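Please read them alongside the coordinates.

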Amino acid sequence: MEFLIEPLQLEFYEQIIALWRQTSGLCVSASDSREGLQSYLERNANCSFMALSPDRRTLWGTLQAGHDRRSVS
């Protein structure tokens, strides 16, 4: 099976939320608004990805990663 891996993009927001809502055990909250997700992606640049069908029409999965910006001294 072929698929594309790309950075998570807000142009797919509706598909992202639909996928998350149908995923058992995953809770979609107010922080998952379009603005909330945009802020998260800006704070955690180059950390979140999505898997797409080869024609880029179907979102198959997402991966989010980030950090809390804490430092160790």
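How many bridges join strand 2 to strand 3?

1. The count is 4 bridges, and strand 2 and strand 3 run antiparallel. The model is a predicted one, which should be kept in mind throughout.

2. The sheet is open and consists of 3 strands in the order 1-2-3, with antiparallel pairing. From one strand to the next the twist averages 25°.

3. The largest nonpolar core has 12 residues, among them Leu8, Phe12, Leu37, Leu41, Met50, Leu52 and Leu59. Two or more residues each come from helix 1 (13-21), helix 2 (34-43) and strand 2 (49-52). Helix 1 gives the largest share, 5 residues.

4. Buried positions in helix 1 are Tyr13, Ile16, Ile17, Leu19 and Trp20. Viewed down the axis of helix 1, the buried residues fall within an arc of 160°, so they line one face of the helix. The exposed residues Glu14 and Arg21 are carried on the face of helix 1 turned away from the buried side. Helix 2 and strand 3 (59-63) are included in what covers the buried residues of helix 1.

5. Leucine 52 belongs to the core described in point 3. Leaving out residues up to four places away in sequence, leucine 52 touches Phe3, Leu4, Glu6, Phe12, Thr58, Leu59 and Trp60.

Conventions. Residues are numbered from 1 along each chain as its sequence is written. This is a predicted model: local features need pLDDT of at least 70, side-chain atom pairs count only at pLDDT 80 or more; totals for chains, interfaces and linings use all residues. Side-chain values use heavy atoms; hydrogens and water are left out. A nonpolar core is a set of buried Ala, Val, Leu, Ile, Met, Phe, Trp, Tyr and Cys residues joined through side-chain atoms within 4.5 Å. Buried means under 20% relative accessible area, exposed over 50%, partly exposed in between (1.4 Å probe, protein chains only). Contact means heavy atoms within 4.5 Å. The arc is that of the directions from the helix axis to the C-beta atoms. Two strands pair if DSSP finds at least two bridges between them. Axes are lines fitted to C-alpha atoms, for helices over the stretch in contact, and angles run from 0 to 180 degrees between N-to-C directions.
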